[in-house]
Amino acid sequence: MRFVVATHNRKKLEELSRILSALDIEAVTGDQIGVVLSEPDETGVTFEENARIKAESACRETGLPAVADDSGLMVDALDGAPGVHSARYAGTGTSDADRNVKLLNALKDTPKERRTAKFVSVICCVFPDGDVVTARGECPGRIAYAPRGEDGFGYDPLFIVDGGLPGAGKTFAELTGEEKDAVSHRGNALRVFSARLREKLNR
Ligand code: IMP
């Protein structure tokens with residue numbers, strides 16, 4: 001069985017391929033099957049809506065079950081921003097560093113106890129018969145006063161893992177890939193997704 005994965009991000013493709021291969025599913029990209037997947041506008045106001053928009057589009061264009069994900073950072077003191085706009089929080093053509101500067105500025109007068117936040121990841125699989133499997137994962141934490149750590153990407157250097165979780169007190173960028181996967185929003189979503197897919201496919 002083949003599933004198309006609607007992403008250009010190599011790391012996401014690797015993670016999803018690992019999960020799918022455990023269920024005897026081959027993960028392919030549009031390129032690998034000679035289809036140029038369009039990049040639909042992410043017009044949804046939730047991660048669920050945007051993941052589904054991307055998966056539905058890839059399913060329609062390939063005729064294969066299609067998997068897509070959407071993720072971002074929600075900061076309580078900013079009413080959930082940057083949220084679904086996380087990738088373009090500082091405008092188009094800007095870098096991770098620009099987005100981190102913008103976030104620190106937005107929180108410059110916010111004290112430690114109000115710097116709470118969470119990362120969210122939603123994975124959605126749409127089947128040609130219209131069936132849909134969705135999974136959401138979250139990771140609670142708070143926003144640091146300055147970037148810390150060398151690993152990871154995006155907002156990782158500013159996101160401090162909540163007390164009580166493995167890696168508590170460190171930023172995502174101070175964790176190894178494996179340590180991050182064990183607590184991260186994406187790791188949590190992938191674990192739920194894998195269980196739901198296994199159930200649907202009876203594997
Ligand atoms: P998308 O899911 O590819 O649309 O990406 C959403 C954006 O959220 C990314 O560009 C990052 O800025 C941010 N983001 C999502 N997951 C992570 C993460 O694990 N670490 C840091 N930033 C993340």
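## Terms and model

Buried means under 20% relative accessible area, exposed over 50%, and partly exposed in between, with a 1.4 Å probe and protein chains only. By that rule asparagine 202 is exposed, because its relative accessible area is 70%.

The model is predicted: local features need pLDDT of at least 70, side-chain atom pairs count only at pLDDT 80 or more, and totals for chains, interfaces and linings use all residues. Residues are numbered from 1 along each chain as its sequence is written, and side-chain values use heavy atoms, with hydrogens and water left out.

Helices (H or I, at least four residues) and strands (E, at least two) are DSSP runs, numbered from the N terminus. Contact means heavy atoms within 4.5 Å.

## Helix 2

Helix 2 covers residues 47-62. The expected span of a helix is 1.5 Å times one less than its number of residues. The 16 residues of helix 2 should therefore span 22 Å, and its end C-alpha atoms are 23 Å apart, which agrees.

Which residues of helix 2 are buried? They are Phe47, Asn50, Ala51, Lys54, Ala55, Ser57, Ala58, Cys59 and Thr62. An α-helix has 3.6 residues a turn, so residues three or four places apart point the same way. The buried residues of helix 2 pack against strand 1 (2-5), strand 3 (66-75) and strand 4 (116-126). Glycine 63 follows the helix, with a positive phi near 75°.

## Helix 5

Helix 5 has 17 residues. From first C-alpha to last it reaches 24 Å, close to the 24 Å expected at 1.5 Å a residue. Its buried residues are His185, Arg186, Gly187, Ala189, Leu190, Phe193, Ser194, Leu197 and Leu201. Their cover includes strand 1, helix 1, strand 3, strand 4, strand 5 and helix 4 (177-183).

Asparagine 202 follows helix 5. Its phi is near 55°, a positive value in a residue other than glycine.

## Ligand site

The ligand is surrounded by 14 residues. A residue is near a molecule or strand if one of its heavy atoms lies within 4 Å of it. The closest to the ligand are Lys12, Ser71, Asp156, Lys180 and Arg186.

A polar contact is a pair of N or O atoms within 3.5 Å; within protein, one must be able to donate a hydrogen and the other to accept it, and residues adjacent in sequence count only if both atoms are side-chain atoms. A polar side-chain atom of histidine 185 lies 3.1 Å from a ligand nitrogen. For arginine 186, the distance from a polar side-chain atom to a ligand nitrogen is 2.9 Å. An N or O atom in the side chain of aspartate 70 is 3.4 Å from a ligand oxygen. Taken alone, the ligand exposes 490 Å², and the protein buries 87% of that. These accessible areas come from the Shrake-Rupley method with a 1.4 Å probe; for residues, only the protein chains shown count as cover.

## Nonpolar cores

A nonpolar core is a set of buried Ala, Val, Leu, Ile, Met, Phe, Trp, Tyr and Cys residues joined through side-chain atoms within 4.5 Å. The largest has 20 residues, and Phe3, Leu20, Val67, Phe193 and Leu197 have the most contacts inside it. Strand 1, helix 1 (10-21), strand 4, strand 5 (132-143) and helix 5 (185-201) each give two or more residues. Helix 5 gives the most, with 5 residues.

Another core, of 18 residues, lies apart; among its members are Leu73, Val75, Leu78 and Phe159.

## Is it buried or exposed? Arginine 99 is buried, because its relative accessible area is 11%. Its side chain reaches the backbone oxygen of alanine 87 at 3.1 Å. A 3.0 Å polar contact joins it to the side chain of aspartate 96. Leaving aside neighbours within four places in sequence, arginine 99 contacts Ser86, Ala87, Tyr89, Ala90, Thr94 and Tyr155.

One of these, threonine 94, lies in the loop between strand 3 and helix 3. At 24% relative accessibility, threonine 94 counts as partly exposed.

## Backbone details

Proline 82 is also found in the loop between strand 3 and helix 3. The peptide bond from alanine 81 to proline 82 is cis, with omega near -5°.

Aspartate 24 lies in the loop between helix 1 and strand 2 (26-28). Its phi is positive, near 65°, in a residue other than glycine. Aspartate 24 is exposed, with a relative accessible area of 63%.
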